[in-house]
Amino acid sequence: MKKVKIASMFILLICLNLFFSCSDDDAKADPELTVAKEELTFAKESSMQKLAIKTNIKWSASSSEAWCTLSPSSGEAGVTQIEVSASENASTDVREAVITITVGSLSKQVTVSQAKTPLLIVKKSQYDVAADGGQITVELQTSDAHEVTVNNEWITKSTTRAVSDVSEVFTVAVNSSNIARVGTIIFSMAGLADTVTINQAGVEAAIAADETGMSSDAFALAKKIVLGWNLGNTMEVPATDGGETGWGNPKTTKAMIDAVKAAGFNAVRIPCAWDSYIEDETTYKVKDSWFARVKEVVDYCVDNNMYAILNIHWDGGWLENNPTAAKQEEVNKEQQALWTQIAVYFRGYDEHLLFAGTNEVHMDGVYTDPTTENITVQQSYNQTFVDAVRATGGKNAYRNLIVQTYNTNIAYGVKYMEMPADAVQNRVMAEVHYYDPYDFALNEGSSVYYWGEEYKQYGSVGSWGQEDYLDASFASVKTSFVDKGYPVILGEYGAIRRSSLTGDALTHHLASRAYYLKSVTACAKKYGLVPFYWDNGSTGSNGMGLFNRSAATVFDQQAVDALVQGAETAYP
């Protein structure tokens, strides 16, 4: 037993000697410490990164924050990889910790930062706004700057303060339509997004009748229109064809309408497309931007003390080419919806604005006598138009309305036309067009360059459609419509200008054309038709343009003079 004790004591003494020898070495050595990085950056999610250090003696490390942990936190001399772990940062603030690594009397620090959890909270996601518009304040909480995307032109952002706990103010424009609309505002930030929905009511579809500014009945108003002009091939161009400028004409300006008035016209017919501007096929809601543009053009006229006729024109043919029983219900549904919107939007205008329900409704490509079905359906479109406008009330209860004969043809009108029923007396007009004889007026491939008895000496005037035919045609309109209490709008007429001719042929053609325009205009006034010349804007060969629309100047003074002279004929 004594031998064992002596051996144990000996071993203990050796160990103590070694321990104190090592401690003395560490204490005597100059501490050395190399740290691979001075900063560590973490995403908001829980994750781990390695930090390499190199020491010549023992080391220890600590973290200033509990969310940042180290493994290992101490060790021997040499190269060591410390695992630095960060728990998830659920806060909306960036946070920092400091790692301190100590080697003897030497220490170094590593800064650890962790991204915040982004915050984007919209406190109210839906707002209901009346038709007359106004402002809404959207309250939200954000952890950083945010972006705002307004998806509708009728909503505009009034203020922006991109800081936490903000209020964004938006202005909602007046909804002039009878159809409610829905808009959205999207707030986004750091991959987050939240949407606010704006529900705006439409205006009342029907209001009380208002006769202010509507004193003229159909006959009184017809007498006030001296001479009309068509803004052709412009507003009726479908959006799918490029819209207002899609057929080669420039955007209509106030200067252009001013030039028309200065030339002697006091009324403008505005052929217009609507179907291709529908943004909601369920309600037939027309785009606000299109209504606004049409309004600009109407205002160019009425603000100039001119009369304006607004219609639904060819418009892709959805109405114009479908006078069939198979299409009747569908077309009348859209006709009613569109005219309700149009009538409501322009309800406040006085008698300077007239509405025309359709244009040249006929079977597509068929210009022969209509069937009973064709006539019945076409006239239902007229009735739907009148009913829809009158139902909106306001000044529309007294507005003068224009309905069309089948294909706006005089003979078909005389033979078949039945005027629609109306809730107010003497406020409806009929409309016809006149391009006879076709070979002279419109047929580009024809060699009939002249019209009228005086011009037969220069070449063919065709086999029909001369002065006696013109007089008889318009006289029949007077008998069938004017004498029965319905003034008539001659909504379109004219003749192409064959400027490819040269020499005497061109001179005589232009003189003959001027004579034709003067004669048609004068005959219209004589029998109670209100003349509106068809101007398609083209000033080239076979064009019918009277004006250089880009320059807002008269292009064809000879034709303008002829029209103005014809309009001097007394209206009955």
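## Second largest pocket

The lining of the second largest pocket is made up of 4 nonpolar, 3 polar and 7 charged residues. Here Ala, Val, Leu, Ile, Met, Phe, Trp, Tyr, Cys and Pro count as nonpolar, Asp, Glu, Lys and Arg as charged, and the others, Gly among them, as polar. The model is predicted: local features need pLDDT of at least 70, side-chain atom pairs count only at pLDDT 80 or more, and totals for chains, interfaces and linings use all residues. Residues are numbered from 1 along each chain as its sequence is written, and side-chain values use heavy atoms, without hydrogens and water.

This pocket has a volume of about 220 Å³. Of its 14 lining residues, the closest to the centre are N152, W154, V182, E279 and D288. A pocket is an open set of points on a 1 Å grid over the protein atoms alone, where a 1.4 Å probe fits, with protein on both sides within 12 Å along at least five of seven lines; lining residues have an atom within 4 Å of a point. The volume is the space filled by probe spheres set on the points, which are joined across faces, edges and corners.

At least two lining residues come from each of β16 (181–189), β20 (278–280) and α4 (288–302). Helices (H or I, at least four residues) and strands (E, at least two) are DSSP runs, numbered from the N terminus.

## Largest pocket

The largest pocket has a volume of about 940 Å³. It is lined by 29 residues, and E360, Y367, N407, Y435 and L442 are the closest to its centre. By class, the lining has 14 nonpolar, 10 polar and 5 charged residues.
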